[in-house]
Amino acid sequence: MSSEPAEFSSMNASALTTLMETYGEDVWNYAYFLARNRAVADDIAQETFIRAYKYLHSFRGEASVKTWLLQIARNRWYSYRSTAFVRRVTLKETVGLDLAVESAEEDFLRQSLSGEVWGLVLSLPRKYREVLILQAHYGLTMDELAQTLGVSLSAAKSRLRRARRQMNDLWEKELTPE
């Protein structure tokens, strides 16, 4: 069970503010990672906290509050992506692309000592990139990964193993002189 602060057990304006201050940056960065658009990330993050406020009574404490919020953000992204407006109005080539602006997460990853590795991670297909970032950057456990991704524990382990294998292959290609 989760050992989250007691102030989150009954939601009021003060507790919501604390929740947003504690997890707001992580939720926004994850939303931006998914959407690749600042305005959409803002909307997703806002909707995430609105849903958290509205449905706090359904939080069972089986995972951390952070994992629960990231799962809500992920579900909001998929809902946003499937809306008729997005399918009709957004050009397929530009969905998820906002090349002019890097997220704070991408900026941090590029500036870190392992920038090359994270560059390779960002080149992976979304499902592998997502599992690696959730595990390495956000420090989610395997159970939390499975819950956030909405897959079984064995599927999460398998996805992580495949992602690591693809990363290893990419890294080997990077190191091999042409």
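Student: Which residues does T148 touch, not counting residues up to four places away in sequence?

Tutor: T148 touches Y30, T67, L70, Q71, R74, L134 and L140, where contact means heavy atoms within 4.5 Å. This is a predicted model, where local features need pLDDT of at least 70, side-chain atom pairs count only at pLDDT 80 or more, and totals for chains, interfaces and linings use all residues. Residues are numbered from 1 along each chain as its sequence is written, and side-chain values use heavy atoms, with hydrogens and water left out.

Student: OK, and is T148 buried or exposed?

Tutor: T148 is buried, because its relative accessible area is 1%. Buried means under 20% relative accessible area, with a 1.4 Å probe and protein chains only.

Student: Which helix does T148 lie in?

Tutor: T148 sits in α8, residues 142-149. Helices here are DSSP runs of H or I with at least four residues, strands are E runs of at least two, and both are numbered from the N terminus.

Student: New topic: how many helices and strands are in the protein chain?

Tutor: The chain has 9 helices and 0 strands.

Student: At what angle do α1 and α3 pack?

Tutor: Helix α1 (residues 13-35) and helix α3 (residues 65-82) pack at about 35 degrees, with axes 9 Å apart. Axes are lines fitted to C-alpha atoms over the stretch in contact, and angles run from 0 to 180 degrees between N-to-C directions.

Student: Which residues meet there?

Tutor: From α1, L19, Y23, D26, V27, Y30, L34 and A35; from α3, V65, K66, L69, L70, A73, R74 and W77.

Methods
Buried < 20%, exposed > 50% of the residue type's maximum accessible area, 1.4 Å probe, protein only.
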